[in-house]
Amino acid sequence: MTSNIVHSSCLDSKMTKHERQWYQSFTEAIERMYMRFLLVTTLYVMEPWERYLVLTIAFLVITLVTYSAIVFIPFHVANIIRSTVPILTDVLLY
Amino acid sequence: MTATKKSEQRSMNPTHTESSREEFEETPTWTAVVTVLGYAILSALGWLRDFLRNVGLEEKKTSHDPNPKDFVPLYQSYECFYTRNLYTRIRDVFNQPIASVAGAKVDVMERVSDDFNWTFKFSGKKIPSINLGSYNYLGFAENSGPCSNQAIKSIEKYGLTTSSTRHELGTQKYMVELETLMAKYLSVEDCIAFGMGFATNALNIPALAGKGDLIISDTLNHTSLILGARLSGAVIRKFNHNDMKDLETELRNAIIHGQPRTCRPWKKILIIVEGVYSMEGSLCKLPEIIALKKKYKAYLYVDEAHSIGAIGSHGRGVVDYWNVSPDDIDIHMGTFTKSFGSAGGYIAGKKSLIDHIRIHTHSGCYCPSMSAPIVYQIISALSIIMGLDGTNDGQKRIKQLARNVRYFRRQLVDMGFIVYGNDNSPVVPVMIFMPAKIAAVNREMLKRGCAVVTVGFPATALTESRVRFCLSAGHTKEMLDDALKAMDEVGHLVSLRYSKRNPPLRWNELNRTDYENEYFSC
């Protein structure tokens, strides 16, 4: 489907070369990136409902990891600093 | 000139030392990781779909065995899981029906599918495209010309079939003519021809080896050789692809330790290699194998299915390419399917060997003999190649193929694709690695007018899928340029330029005068 768009845009581009220059290469690059994304993640061979399922699961996993990172990392970092820095200063001074 | 006189005049140097490199670039790590992850995602989805099908939420579209109690289930291995869940998703790029002669150009019939490749309907449209998938190395797959005229005349004279096996009434005059001509072509004493190339291997290796023998075969040998070796009942050992040290180790171990339990010496040791390996594009290292064979007194069987007619300055196969004496190889085997545009296979060698095969081959009493038009196609193609018809059309074809191969391969390598194999082999595999790209490359190339063959598991290793171009003497320079332009665009769209040795270049960035000078000079 995306390849059709790219190929037809290649054909159209030969006819209106003047208008092609500023936005067409940008859309072609976007289409190419989308095609490569589909191929690398093998979404290209999946049926539409499978694509939604895989993307949903991937999105959920990424959200979960990001949430844990944002909520818990500052607390853990502060905890570590609080528990080691006084001991370090004691060791270094004496 | 007899065969013995010719052997004294040969040296062991190959005729193409300048550029007979053979390269197998390593898979880039990132690509390998992504490929394996891609297969993992698809396998997980496959388990989900299988679960849905078993539970009943989805309809079972394959034939399924009823799994009765106390019976071993029919479908167990990974290959069936793969066929159901991965192969079927991209099934429209495999087994594509064609609607014309599969020459340099072919008409591919267009198919549409409503239910994701479980069923197909023909739309009626024929897509004319450049044929880069047929093993048409010398361009003899034509439906007009001297070969087809001779084949048609032979039907009028001999009919279509003898309806008999070779041991009964199947040995027609044209079979004897073909066999003597083939023996003369290969500079050996005698030759025997069979109706099917696969069967030549599968049914004749049992006649040559048996219990108490050892067969040492290359890991990447064709299925017909493996089947023949298994049917023979001999012990089979493998050596790594084209690895002469490994072969020597295997030979030494075999001779030192003998047969497995009894430690008796082997009755004979048979080394089986191929001339050109069709999935890798590599050539076997014949002089080194012959040196090993003579040192350890083993026998050598060379399967020249893809190399006869296509390799070598006179088209006589790997024997011609490496410039070795044909007497050093005990059993020459080849097929007529690839370079001669016909069907069938042959085995050639010393007269005593061929006499033994004539009596003991399984196909002698079970298979009907070859049909007249097929044999006359081979005879006329052979006469053209050998120059017996008075023109130099044969040499022109061989040179055209060599020129096409060098032109095409060099440009692909310089564009940054990973291309396996020897520089001179007409089989050009370009690596794709990822499963989804197999379908994408095939569909995009067909849209741009090139019919190519993309292969994945089980023909290759799971993570080493590739697109395999088969060049032909029938391809003109314009066709090759169109194919390279299409491959360049598809490679850019799908991102196939993996090579680390050559930087990725677009086709119009290459210095094409260099290649064209080479093309027109030789």
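Contact is taken here to mean heavy atoms within 4.5 Å. The model is predicted, with local features requiring pLDDT of at least 70 and side-chain atom pairs counted only at pLDDT 80 or more, whereas totals for chains, interfaces and linings use all residues; side-chain values use heavy atoms, without hydrogens and water. Residues are numbered from 1 along each chain as its sequence is written, and chains are lettered from A and ligands numbered from 1 in the order in which they are written.

Two packed helices are described by the angle between their axes and the distance between the axes. In chain B, helix α8 spans residues 244-257 and helix α9 spans residues 286-296; helices (H or I, at least four residues) and strands (E, at least two) are DSSP runs numbered from the N terminus. The axes of α8(B) and α9(B) come within 11 Å and cross at roughly 15°, the axes being lines fitted to C-alpha atoms, for helices over the stretch in contact, with angles from 0 to 180 degrees between N-to-C directions. The two helices are therefore roughly parallel to each other, a term applied to angles under 35 degrees. The crossing is right-handed, that is, the near helix is turned clockwise from the far one by less than a right angle. From α8(B), the residues B:Met244, B:Leu247, B:Glu248, B:Leu251, B:Arg252 and B:Ile255 meet B:Glu288, B:Ile289, B:Leu292, B:Lys295 and B:Tyr296 of α9(B). By class, this contact has seven nonpolar, no polar and four charged residues; Ala, Val, Leu, Ile, Met, Phe, Trp, Tyr, Cys and Pro count as nonpolar, Asp, Glu, Lys and Arg as charged, and the others, Gly among them, as polar.

Chain B is divided into domain 1 (25-131 + 394-522) and domain 2 (146-386), with bounds from an automatic or database domain assignment. Their C-alpha centres lie 29 Å apart, and the contact takes 18 residues from domain 1 of chain B and 17 residues from domain 2 of chain B.

Most residues other than glycine have a negative phi, and most peptide bonds are trans. B:Asn117, in the loop between β2 (105-112) and β3 (121-131) of chain B, has a positive phi near 70°. A cis peptide bond, with omega about 0°, joins B:Phe457 and B:Pro458; B:Pro458 is in the loop between β14 (453-455) and β15 (466-470) of chain B.

In chain A, an unreviewed UniProt entry lists residues 52-73 as "transmembrane region". Over residues 52-73 the chain is 100% helix and 0% strand, and the end C-alpha atoms are 31 Å apart.

Technical notes. Parallel < 35°, antiparallel > 145°, perpendicular 65-115°, else oblique. UniProt positions renumbered as here; feature names shortened; annotations may be inferred.
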